[in-house]
Structure formats: structure tokens, C-alpha cells
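Please consider the following note on the structure shown below. The points are arranged by topic and may be read in order.

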Amino acid sequence: MALNYIWVAFFLVAFVIALIRLIFFGDTEIFKMMAEGTFDSAKSSVMDIALPLVGIMSLWLGIMKIGEKAGAINFLSRIVGPFFSRLFPEVPQNHPAAGQMMLNFSANLLGLDNAATPLGLKAMAGLQELNKDKETASNAQIMFLVLHASGLTILPIAIIAQRAIYHSKDPTDIFIPCIVATFVATLAGLIVVSIKQKINLFDKVVLAWLLGITGFIAVLIWYFTEYLNKAQISGFSAVFSNIIYLGIPVIFILGGVRKKINVFEAFVEGAKEGFEVSVKIIPYLVGLLVAVSLFRTCGALTYLGDGFRWFFGHFNIDTRFTDVLPIAFIRPLSGSGARALMLDNLKHFGADSFIGHMSSVLYGTADTTFYIIALYFGAVGIKHTRYTLSAMLIADFFGIITAISISYLFFG
């Protein structure tokens, strides 16, 4: 229901702001711009997102089907079973959904966005099979989506590449801030959902896993900063991620050959599922992205940023962070819009400026919350999302606060 109210609000707020600009400021072009924006967004949601997603979904769900038949998914499920059985008590131990979620989290961790989406949609479908109320999000689906959207990342490859394009002297210097900010966002999301679902985070198994993950990240940061220079970090990130990206299909295929299954037929079977899912989500993408386009084109985000700049200007604090707040506002709504704002800041302020650094960290912290809800719940026919949106926005909020704070610590 929350998404329904917000979707309606986008249209109404955009129309009212546009009307004010027309009547009081004589902006005769605003409604034309908004109308053209809806056409562009409707086209883009199909041609630039849904259709390319068909290929990616077909590829990775085909690979996933091989992994299922080869037993790789069940193997992963057994490994993470003790931990996931505490976080996802509705999911039976060793259920394939646990392995599917683990693959999705791993892809996010390594910055493999193209793989993370189809893997995540497959995991959501697996959780939907266990969902008793097919139109209402289950506890397990909410926990999964919040953790997925918080986007814990240890190799922010895309951002490093963009900073290199804009001639940063140290493209990888946002490496540690991005890890810390996404880790805080993930932890915040986990705590919020656990409180709501009465999950005991002090259980010895849960604590062992959380402390283990925290320790792994700490050791990784220490090793990278002590033993690798900037160029080596960048090279390691790119090479290691691509090895993993291609290594997963090879491992699954070898497992299929070992089990003597028809690997190609399994791939085609899964690829067909990918095509069906991709077509099913098109209406959700069109509806959401058109609403976001209206909200952005009417100037609402600009006014919001100006309001924060005016507000914080009354206090005796550094207000440079207000220049990057539009990225924080638009990131949950539009990944491409936030990316455009980040690139614009890198271009005008410089990749190695304080604003350039903070823009990079902030972009790498939050995720496209509304897009993710529409995509994942739309794919399985969920209409009632319960408290998913509020939990995801709380995780985003803590991630944004951490990103701003740590940017001052590292680059301010």
C-alpha cells in the first residue's frame, strides 16, 4: 500500500508544482517537458531496461537451472543453512532458495550487478513458492529484499571505472568508504527487520556469522591498504570480479557434466523462465519510472535540495554536503538519474575534489529502492509489500549518513 500512495503522490505533487511554475513564474514549457519526459521514460523502461534484461535474465537463469540440476544450489544451501535458518525461519533448512539468495548476495558483494538481478529474481521466486499468501510479502521476502537493496559491496568496480574516466589520480580511494557505508546500511536494515520479525540477533550462530563477516571485511581492508598500492587495488578488483563472473557458470557446467545431465537443455529450460519473468515485469517498470520522471522533471528534487541548503545554512556547520544531497534524494528513485548527477559533479568539481569524492561514495551506498520493490515484487505478483519500503528507506538513511560522515573523515 505504501508504494501505491507514493506513486499517486508523485503524480499529484508533480502536477501541482508544474501548475505553480506556470501560473506564478510564467514557465510555459514545464508541462511540455514533463509530457516529453513521460514518453522518454516509458520508452526507456522497455527499450533500455526491460529488453536488455531479457538477455541477462535468460543467460543467468539458464546458468542457475544448470546449477540446480547439478546440485550446486543445494550445496550452498547446506553451507549457509544454519545462519539463514535463523534469519529466514520460514525457509526450510537446505531449501534451494537459501542457495539462490547466497548467490545473489555474493554477486552484490563483488559488484556484479548484471548477475545480481537475475539471481535475486530467482531467489524471490523460490521464496514465493513458500509464501502462503501469494499477494502479500512474506517475512522471508522482506528480509531478503532489504538485505539485497542495502547492497553490501567490497569491490565497487563501476564507480572506480567512472572516476578513472574523469582522470582521478586515485580512482580507488573511495574503496574503504564505500565498504564501510554499505556495511552500515546492511547492518541497519538487518536490525530493523529483525526487530520487526522478532529475530534474535544475539543467537550464537547469527553472532558468529556477523562477526565473521565483519572480521573478513576488516582483514580485507587492512590487507588492501597495507600491501597493495592504488593501481594494484584497481587491477585486483577488475580481474577478480570478472574471474568470479565467468567462474560460476564454469563450475555449474562442470557439475552438470559430472552429474551426467543434459547441460544445454537445462540451460534452455532456465532461459525460457528468464524470458517470461522479463516480460512480466514491464508494466511495473513503466508505471514506476514514468512517475519518477514526472517528480524529477517538475523540479521537486531541486527544490528539496535547496530547502536543505537553506535549512543547514542557519547553523554553524559545513554545508558542502548539501551539494550532493540531490544524489541521495534521487538514488532510491532512479539509478540512472543519480548516476547522471554523480558524473556531473565529477565533471564540474573534479573527481578528486571533496564533492567528487562524496558524490562517488554516496552513489555507491544507496540503491534504487523503489525500482527494486517494483521489479522484485512485480515479478512474483506481490501487491501488499507491508513494511518493506520503510525498512529499506531506513537502511538507505543510515547508509547516506555514514557516507557523508566518512567522506568528511577521509576527504574533508
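1. Lys69 is partly exposed, with a relative accessible area of 39%; here buried means under 20% relative accessible area, exposed over 50%, and partly exposed in between (1.4 Å probe, protein chains only). The model is predicted, so local features need pLDDT of at least 70 and side-chain atom pairs count only at pLDDT 80 or more, while totals for chains, interfaces and linings use all residues. Residues are numbered from 1 along each chain as its sequence is written, and side-chain values use heavy atoms, with hydrogens and water left out.

2. Which residue forms a salt bridge with Lys69? The partner is Glu269, and the closest N and O atoms are 2.8 Å apart. A salt bridge is defined as a side-chain nitrogen of Lys or Arg within 4 Å of a carboxyl oxygen of Asp or Glu. This pair links distant parts of the chain, 200 residues apart: Glu269 belongs to helix α11 (residues 263-280) and Lys69 to helix α2. Helices (H or I, at least four residues) and strands (E, at least two) are DSSP runs, numbered from the N terminus. Glu269 is partly exposed, at 35% relative accessibility.

3. Within helix α2 (residues 30-70), Glu68 and Lys65 lie 3 residues apart, about one turn of the helix. Their side chains meet in a salt bridge (3.6 Å, N to O).

4. Asp352 lies in the loop between α15 (335-349) and α16 (354-365), and Arg163 in helix α7 (residues 157-165), so the pair ties together parts that are 189 residues apart in sequence. Arg163 is buried, with a relative accessible area of 0%, while Asp352 is partly exposed at 35%. Salt bridges that share partners join Lys65, Glu68, Lys69, Lys122 and Glu269 into one network. The whole structure contains 9 salt bridges.

5. A nonpolar surface patch consists of Phe15, Val16, Leu19, Ile20, Leu22, Ile23, Phe24 and Phe25, which together have about 820 Å² of accessible area. Patches are made of residues with over 30% relative accessible area and no salt bridge, like charges being joined within 9 Å and nonpolar side chains (Val, Leu, Ile, Met, Phe, Trp, Tyr) within 5 Å. Accessible areas come from the Shrake-Rupley method with a 1.4 Å probe; for residues, only the protein chains shown count as cover.

6. On a 1 Å grid over the protein atoms alone, a pocket is an open set of points with protein on both sides within 12 Å along at least five of seven lines, and lining residues have an atom within 4 Å of a point. The lining comprises 40 residues, of which Met102, Phe105, Ser106, Leu109 and Ile213 lie nearest the centre of the pocket. By class, 31 are nonpolar, 9 polar and none charged; Ala, Val, Leu, Ile, Met, Phe, Trp, Tyr, Cys and Pro count as nonpolar, Asp, Glu, Lys and Arg as charged, and the others, Gly among them, as polar.

Technical notes. 1 Å grid on protein atoms, 1.4 Å probe; cavity = no way out; pocket = protein on both sides within 12 Å on 5 of 7 lines; lining within 4 Å.
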